[in-house]
Amino acid sequence: MPTTPRSRSQARTTRSWILSGMDFGDTRRKPNFAGKIAVAAALTVMCILVLKQSPGFGGTSVFSRHETGVTHVLVTGGAGYIGSHATLRLLTDNYRVTIVDNLSRGNMGAVRALQRLFPEPGRLQFIYTDLGDPKAVNKMFSENAFDAVMHFAAVAYVGESTQEPLR
């Protein structure tokens, strides 16, 4: 049904003439704080349960404990040419490997290739950190249980090593 046209000077009525005679209750919703709190609490509990199931949440990682028959090797500079090949051989021989590299000379592509070749959980982890940071090194050793270390991280260019020998 078409509405009757009105001029701009006429005030708008509060009800359309189509709905005249029909009484509706207050359409504004009243806040339901108890329901909102219950939903928020349920969602929070569900999120905590999901997080607790995820690896590395509050629990111990397979990399942080010694297991009989499994040797955990730390490979520093494992994203570089020699380190990545040593890691490949270790993983092929069923070692558990942690690669530590700051990627200043290494290549993340080498780490990704190793992760694609050995996708099983608990076989390979990559830690991006600088071995020149004592706090990071202490944290790494406190959170992991290494059985051996293969150290390939270095500033290997002659010019750099002679200009900054302590680096």
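## A first look at this protein

Arg96 is buried, with a relative accessible area of 8% (buried means under 20%, exposed over 50% and partly exposed in between, using a 1.4 Å probe and protein chains only). Welcome to a predicted model, in which local features need pLDDT of at least 70, side-chain atom pairs count only at pLDDT 80 or more, and totals for chains, interfaces and linings use all residues. Residues are numbered from 1 along each chain as its sequence is written, and side-chain values use heavy atoms, leaving out hydrogens and water.

**Overall layout**

- The protein has 5 helices and 4 strands (DSSP runs numbered from the N terminus: helices are H or I with at least four residues, strands are E with at least two).
- Starting at the N terminus, the elements follow the order α-β-α-β-α-β-α-β-α.
- Of the 167 residues in the protein, 23% are buried.

**Salt bridges**

- The protein's count comes to 5 salt bridges (a side-chain nitrogen of Lys or Arg within 4 Å of a carboxyl oxygen of Asp or Glu).
- Arg96 pairs with Glu67 in one of them, at 3.5 Å from N to O. This pair links distant parts of the chain, 29 residues apart: Glu67 sits in the loop between H1 and strand E1 (72-76), and Arg96 in strand E2.
- Glu67 also forms a salt bridge with Arg65, with the closest N and O atoms 3.9 Å apart.
- Glu67 counts as partly exposed at 29% relative accessibility, and Arg65 is partly exposed too, at 36%.
- Glu120 and Arg123 form another salt bridge, their closest N and O atoms being 3.1 Å apart. Here Arg123 is buried at 16% relative accessibility, while Glu120 is partly exposed at 37%.
- Shared partners join Arg65, Glu67 and Arg96 into one network of salt bridges.

**A buried aspartate**

- Asp101 belongs to strand E2 (residues 96-101).
- Asp101 is buried yet has no salt bridge, and the nearest side chain of opposite charge, Arg105, is 8.9 Å away (Lys and Arg count as positive, Asp and Glu as negative; His and the chain ends are not counted).
- The side chain of Asp101 does reach the backbone nitrogen of Leu103, at 2.7 Å, and one of its polar atoms lies 3.1 Å from the backbone nitrogen of Ala79.

**A nonpolar surface patch**

- Val39, Leu43, Met46 and Val50 form a nonpolar patch on the surface, with about 380 Å² of accessible area together (residues with over 30% relative accessible area and no salt bridge, nonpolar side chains being joined within 5 Å and like charges within 9 Å; areas come from the Shrake-Rupley method with a 1.4 Å probe).
- Val39 lies in helix H1 (residues 33-53).

Terms used:
Polar contact = N/O pair within 3.5 Å; in protein donor to acceptor, adjacent residues only side chain to side chain.
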